[in-house]
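Hi everyone, thanks for coming. Today I'd like to walk you through one structure, with a stop at its charged pairs and its pockets.

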Amino acid sequence: MSQNKILVPCSHCGESQWEPALVQSTNCRSCGAYLSFENLVIDGVYAKEVRTLGDVEITERGVLHGISIQCRNLIVKGRCEASVQAMGKIEFLNRGTLKINSLKAKEVMIGRHCDLNIRQTLEAHEVSIAGKL
């Protein structure tokens, strides 16, 4: 495929399709689901489901709780209480305890000041722990 295209997996049905590299959003050709490529920065209280093929950062002042998050990469510097799934890397860089329902990613990194409490399952190819799990 052309260098100007990327292979995009659908977060709903799992089918992949080729899209222009600079795409902002599209619909899955298999199931019709809306696919967003938006990068998101959470810098306050956020109580919505997050589903993007972009990157998500929860800042020191950011709070995400009670829902699920699906993204490409996730950086957590604030509070997060949700089920978390990333296609790439999740970095927990916050200070204090986080309560996560379930966690799935290719790579998980737990910073040295973080105490991560996973209530259900942790599924990852690579886990790096400097803090507590």
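Let's begin at K89, which is partly exposed because its relative accessible area is 27%. Here, buried means under 20% relative accessible area, exposed over 50%, and partly exposed in between, with a 1.4 Å probe and protein chains only.

A word on the source: this is a predicted model, in which local features need pLDDT of at least 70 and side-chain atom pairs count only at pLDDT 80 or more, while totals for chains, interfaces and linings use all residues. Residues are numbered from 1 along each chain as its sequence is written, and side-chain values use heavy atoms, with hydrogens and water left out.

Back to K89, then. Which residue does K89 form a salt bridge with? The partner is E107, and the closest N and O atoms are 3.8 Å apart. By salt bridge I mean a side-chain nitrogen of Lys or Arg within 4 Å of a carboxyl oxygen of Asp or Glu. K89 sits in strand β12 (residues 89-92) and E107 in strand β14, 18 residues apart, so the pair links distant parts of the chain. Strands are DSSP runs of E with at least two residues, numbered from the N terminus. E107 is partly exposed too, at 26%.

The structure holds six salt bridges. Another one joins E19 and R29, at 3.1 Å from N to O. Is each of these two buried or exposed? E19 is buried, at 4% relative accessibility, whereas R29 is exposed, at 58%.

A further salt bridge pairs K104 with E123, 3.9 Å from N to O. K104 is in strand β14 and E123 in strand β16, so this pair ties together parts that are 19 residues apart in sequence.

K104 also brings us to the pockets. A pocket, on a 1 Å grid over the protein atoms alone, is an open set of points where a 1.4 Å probe fits, with protein on both sides within 12 Å along at least five of seven lines; lining residues have an atom within 4 Å of a point. The largest pocket is lined by 16 residues, and K104 is among those nearest its centre, together with C71, Q85, A86 and M87. Strands β9 (63-71), β11 (79-86), β14 (103-110) and β16 each give two or more residues to that lining.

Note on methods
Helices (H or I, at least four residues) and strands (E, at least two) are DSSP runs, numbered from the N terminus.
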